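Hello,

Here is the structure I promised to pass on. Please open it alongside this note; my findings follow below.

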Amino acid sequence: GIGSDLIQLSKGRLTTTKTRIISRNQQMIRLDTEMRAELTTKEEHAFIDATLRYLQIQKPDIVIFEDYNKGVLKENIIQKLMRHCRSLGILVAVDPKREHFLDYAGATIFKPNLKEIREGLNLALTDINTETLDEAHRKLKEHLSHQLSLITLSERGIYYNEDVEGEMLPSHLRHIADVSGAGDTVIAVASMVYALTGDARKAASWSNIAGGLVCEEAGVVPVNKQKLEAEILRLAEPVAEE
């Protein structure tokens, strides 16, 4: 049921293919076949036009920039789409990579992981605690003037800061089979919850649980709604009516 109208075809780019080597239900290695060159001017214009038209007509509650550093999210594409989102009052969530790390000024949610924070801000971050992460948030804020920092900490859990106070939420004990798609799950659930409730802690807590759940299964899987609800009731707080 996912719409495919916005899929762009290119004669000059092959489709990214990921080959995963699995042993005993765990991913050992992944081999990628892909092109990472930036979009051509022709491809870029078609992509921008189609996306702006979609945003203008559909007016979604939130747009997620999932930056895989594959050449699609160029600086001018990022700026034009974000400017249009702001003009329409659409929330913007960003899952960044190093190359365009600081090009997302004005985002609503900015969700790097530890590696991306270290590379993007040139921070050592050897000690992971609330104080050091508060400092990382302040440095991010200086560059981006964004609303909410969400920093995923792998086995340490997740950190969030909305300028009121920073907090680290621990991860929950899991049997990890495959971490593929965990970051995507976190940004998706956090964006949805924040758009619905405006509650930063709830967005961080529920997305932290969701990211852990998908790591229990091999391969890239969608989070199961019923299982997620049960885990939220068990580990966090009651599910809101939304």
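A crossing of two helices is called right-handed if the near helix is turned clockwise from the far one by less than a right angle, and left-handed if anticlockwise. By that rule, H1 and H2 cross in the right-handed sense. Keep in mind that this is a predicted model.

Confidence first. The protein chain has an average pLDDT of 90, and 95% of the residues score at least 70. Strand S2 (residues 26-33) has the lowest confidence, with a mean of 87. The highest is in S5, at 98.

Now the H1 and H2 pair. Helix H1 covers residues 41-58 and helix H2 covers residues 75-88. Their axes come within 11 Å and cross at roughly 10°. Angles under 35 degrees count as roughly parallel, so H1 and H2 are roughly parallel to each other. On the H1 side, the contact uses Glu44, Phe47, Ile48, Thr51, Leu52, Leu55 and Gln56. These meet Asn76, Ile77, Lys80, Leu81, His84, Cys85 and Leu88 in H2. By class, the contact of H1 with H2 has eight nonpolar, four polar and two charged residues.

Next, the sheet. Six strands form an open sheet with mixed pairing. Their order is S3-S4-S5-S6-S7-S8. Which strands sit at the edges? They are strand S3 (62-66) and strand S8 (166-169), each pairing on one side only. Further in, strand S5 (residues 109-110) pairs with strand S6 (residues 148-152) in the parallel sense, over two bridges. Isoleucine 109 is opposite leucine 148 in S6. Helix H5 (residues 182-197) packs on this sheet. H5 touches S3, strand S4 (91-95), S5, S6 and strand S7 (158-161). The direction of H5 makes about 160° with that of S4.

Helix H6 (residues 200-214) packs with helix H7 (residues 225-235) at an angle of about 125°, and their axes are 10 Å apart. H6 is therefore oblique to H7. The crossing of H6 and H7 is right-handed. From H6, the contact involves Trp206, Ile209, Ala210 and Leu213. From H7, it involves Lys227, Leu228, Glu231, Ile232 and Leu235. The contact of H6 with H7 has seven nonpolar and two charged residues, and no polar ones.

Best wishes

Methods: Residues are numbered from 1 along each chain as its sequence is written. This is a predicted model: local features need pLDDT of at least 70, side-chain atom pairs count only at pLDDT 80 or more; totals for chains, interfaces and linings use all residues. Side-chain values use heavy atoms; hydrogens and water are left out. Two strands pair if DSSP finds at least two bridges between them. Helices (H or I, at least four residues) and strands (E, at least two) are DSSP runs, numbered from the N terminus. Contact means heavy atoms within 4.5 Å. Axes are lines fitted to C-alpha atoms, for helices over the stretch in contact, and angles run from 0 to 180 degrees between N-to-C directions. Angles under 35 degrees count as roughly parallel, over 145 as roughly antiparallel, 65 to 115 as roughly perpendicular and the rest as oblique. Ala, Val, Leu, Ile, Met, Phe, Trp, Tyr, Cys and Pro count as nonpolar, Asp, Glu, Lys and Arg as charged, and the others, Gly among them, as polar. pLDDT is the predictor's confidence in each residue, from 0 to 100.
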